[in-house]
Amino acid sequence: RVAYWTDNGFFPNSPAVVRAVQEAVAALAEQGAIVDEIAPPKIAEAMFLYTASLAADGSADAERHLRGSKIDHRITQLMLLGRVPNWIRPFVAWLY
């Protein structure tokens, strides 16, 4: 039994990724797997942890890994939040 999704509700996938998932699902079903499309579990918690990991070092590690790459504007915004000084973070969190 295989669960899958093509949209996590936060970052849209490219058409190529959606097509690849759909083709993989079709191939698995053809081989006898039971496939179920589901909503991704605990996406809000996952996004919180992702954002926290970006902010842990002020986004320095993420910037190093992404240097020279095209960066989605939402990732850029998250990385900017990672640079917010620690003493301001509670106020920013309260706003959201």
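Predicted model: local features only at pLDDT ≥ 70, side-chain atom pairs only at ≥ 80, totals over all residues.

Visitor: Which residues of helix α4 are buried?

Guide: Helix α4 covers residues 73-82, and its buried residues are Ile75, Leu78, Met79 and Gly82.

Visitor: How do you know that the buried residues of α4 line one face of the helix?

Guide: Look down the axis of α4: the buried residues fall within an arc of 100 degrees, so they line one face.

Visitor: Let's step back. What elements does the chain have, and in what order do they run from the N terminus?

Guide: The order is β-α-β-α-α-α-α. That gives five helices and two strands.

Visitor: What makes you call the chain more spread out than a compact globule?

Guide: For 96 residues the globule rule gives 12 Å, but the radius of gyration here is 18 Å, which is well over that, so the chain is more spread out than a compact globule. Along its principal axes, the C-alpha trace spans about 55 × 30 × 15 Å.

Visitor: How much of the chain is buried?

Guide: Buried residues make up 16% of the 96. As for the accessible surface, the total is about 7,400 Å², and carbon and sulfur atoms hold 62% of that.

Visitor: Why is Ser59 called buried?

Guide: Its relative accessible area is 0%, and the cut-off is under 20%, so Ser59 counts as buried. You'll find Ser59 in the loop between α2 (43-55) and α3 (60-66).

Visitor: What is Ser59 in contact with, leaving aside its neighbours within four places in sequence?

Guide: Ser59 touches Leu54, Leu78, Met79, Gly82 and Arg83.

Visitor: Is Lys42 buried or exposed?

Guide: Exposed: its relative accessibility is 63%, and the cut-off is over 50%. Lys42 sits in the loop between β2 (35-37) and α2.

Visitor: What makes Ala56 exposed?

Guide: Ala56 has a relative accessible area of 67%, and exposed means over 50%, so the word applies to Ala56. Ala56 belongs to the loop between α2 and α3. From Ala56 to Asp7 it is 49 residues in sequence and 27 Å in space, C-alpha to C-alpha.

Visitor: And why does Thr6 count as buried?

Guide: Thr6 comes in at 15%, and buried means under 20%, so Thr6 qualifies. Its place is the loop between β1 (2-4) and α1 (15-30). Beyond its neighbours within four places in sequence, Thr6 is in contact with Asn13, Val18, Val21 and Glu37.

Conventions:
Residues numbered from 1 in each chain as written. Heavy atoms only, no water. Helix = DSSP H or I, 4+ residues; strand = E, 2+ residues; numbered from the N terminus. Rg over C-alpha atoms; globule rule 2.2 N^0.38 Å. Buried < 20%, exposed > 50% of the residue type's maximum accessible area, 1.4 Å probe, protein only. Areas by Shrake-Rupley, 256 points an atom, 1.4 Å probe, with all protein chains shown as cover. Contact = heavy atoms within 4.5 Å. Arc of directions from axis to C-beta.
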